[in-house]
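Colleague: Hi, can you walk me through this one? I'd like to start with the pockets.
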Amino acid sequence: MNQETDTKKVILDVKNLNTSFVSDKKEIKIVKDVSFQLKRGSCLAVVGESGCGKSVTMNSIMRFTGRNSRVKADKIQYNALENGKVTEYRLEGIKNPNGPEMRALRGPDMSMVFQDPMSSLNPVYKVGDQVAEGLLQHNKGMKKAEAKAKVLEMFKKLGIPDPENRMNNYPHEFSGGMKQRVVIAIAMICNPELIICDEPTTALDVTIQAQIMELLKELQVKEGKSIILITHNMGLVAEMADEVCVMYMGRVVEFGSAEDVFDHTTHPYTKALLRSVPVLGLADGQQLETIPGATPNPADIKGGCEFADRCSECMGRCREGKIPSFEVSPGHFVRCLKFDNYPEVK
């Protein structure tokens, strides 16, 4: 997507991100030529089936992919804005993902809410201490009492009841929804501009899901946070997202505003995803639609469109060569040969 970047309006600019993993001396490509821009103060939803590369894409940006990974990109640019001035950070050029450059950005500038709160929290430490750790790491002169006061303030903001006492509890003493709030507190405590949320409502009941999403929306609207929401729940996407990035087998197959993606759906995979969403009022005997087949093994993909074998609109040429992206309307991109009469995106 060849777009001009306004660094004051765009907080994250990713161009041609590729991530592969080496296993048994074979290099398997998982994320392929992913490009997108996140506008400052907006919410971008990244959607698709399990295994489509959503989490790996965001872990690649945060440099959490592990030693057997190979992350390459033309650009991963984070634009920090302070007092009206932009500082550009080129993350693809940071050689050591665990070095001081990347560690300085994680927390104060960009943070991540991971999918499973239990695996994100250490069971042998009090939750207050775990939230305060980021503050103390990034503010070397801060006193523990000052950090504790900020944690208390954050717990109050996130609606954790009896916060003074709950700070001294251990993770197993919290419900699923409260654990997720603690994980959000860890992500938010250093006041980052960008928050990446990886399935933040997984395994939570519907009521708690609504509370967590309302909390994230409030952070975006009232505090101007930029949010990337990784999910396969199209209902959450419709409620939260300003823009939507649809991924399949490591590629962006459709990108646009929420209105474009929902009301002017173009890619056959996006159409299939929307048809498979449960809705109230199904007639007796009417079955929920499913997407036929299964996602292929990434190691078996040789060329053409990865969705071809499952696509009801597949043409012979869909199985050959490289499939480009086309701009079907301003800001609305689709990777499908059905739209090859539109401008090709370089």
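Modeller: First, the term. A pocket is an open set of grid points where a 1.4 Å probe fits, with protein on both sides within 12 Å along at least five of seven lines, and its lining residues have an atom within 4 Å of a point. Keep in mind that this is a predicted model.

Colleague: Take the second largest pocket. Which residues lie nearest its centre?
Modeller: Those are Asn16, Asp33, Lys322, Ser325 and Val345. In total, 16 residues line the second largest pocket.

Colleague: Which elements give two or more residues to that lining?
Modeller: β1 (10-23), β2 (26-39), β11 (251-257) and β14 (344-345) do. β2 gives the most, with 3 residues.

Colleague: And how many of the lining residues are charged?
Modeller: There are 8 charged residues, alongside 5 nonpolar and 3 polar ones. The space in this second largest pocket is about 350 Å³.

Colleague: What about the largest pocket, how much space lies there?
Modeller: About 780 Å³. Its lining has 26 residues, and Arg106, Gly107, Gly134, His138 and Ile186 lie nearest the centre.

Colleague: Which element has the largest share of that lining?
Modeller: α4, with 7 residues. By class, the lining of the largest pocket has 12 nonpolar, 9 polar and 5 charged residues.

Colleague: Which residues sit on each side?
Modeller: Glu243, Cys245 and Met247 are on one side of β10. Val244, Val246 and Tyr248 are on the other. Both faces are covered.

Colleague: Which strands pair with β10, and in what sense?
Modeller: β3, residues 43-47, pairs with β10 in the parallel sense over 4 bridges. There, Val47 stands opposite Val246. β11 pairs with β10 in the antiparallel sense over 6 bridges. Ser257 in β11 is the bridge partner of Glu243.

Colleague: How many residues lie between β10 and β11?
Modeller: The two strands form a hairpin with 2 residues between them. Met249 is in that turn and has a positive phi of about 50 degrees.

Colleague: Now the largest nonpolar core. Which of its residues touch the most other members?
Modeller: Phe155, Val182, Ile184 and Leu216, out of 38 residues. The largest share of this core, 7 residues, comes from α7.

Colleague: Pick Ile184. What is it in contact with, beyond four places in sequence?
Modeller: Ile184 contacts Val113, Leu158, Ile212, Leu215, Leu216 and Leu219. Apart from this core lies another, of 34 residues, including Val31, Met62, Ile94 and Met110.

Colleague: Last one. Where is Gln209 found?
Modeller: Gln209 is in helix α8, residues 206-223.

Colleague: Buried or exposed?
Modeller: Gln209 is at 18% relative accessibility, so this residue counts as buried.

Colleague: And what does Gln209 touch?
Modeller: Leaving out residues up to four places away in sequence, Gln209 touches Thr201, Leu204, Asn233 and Leu236.

Technical notes: Residues are numbered from 1 along each chain as its sequence is written. This is a predicted model: local features need pLDDT of at least 70, side-chain atom pairs count only at pLDDT 80 or more; totals for chains, interfaces and linings use all residues. Side-chain values use heavy atoms; hydrogens and water are left out. Buried means under 20% relative accessible area, exposed over 50%, partly exposed in between (1.4 Å probe, protein chains only). Contact means heavy atoms within 4.5 Å. On a 1 Å grid over the protein atoms alone, a cavity is a set of points where a 1.4 Å probe fits but cannot get out, and a pocket is an open set with protein on both sides within 12 Å along at least five of seven lines; lining residues have an atom within 4 Å of a point. Grid points are joined across faces, edges and corners, and a volume is the space filled by probe spheres set on the points. Ala, Val, Leu, Ile, Met, Phe, Trp, Tyr, Cys and Pro count as nonpolar, Asp, Glu, Lys and Arg as charged, and the others, Gly among them, as polar. Two strands pair if DSSP finds at least two bridges between them. A nonpolar core is a set of buried Ala, Val, Leu, Ile, Met, Phe, Trp, Tyr and Cys residues joined through side-chain atoms within 4.5 Å.
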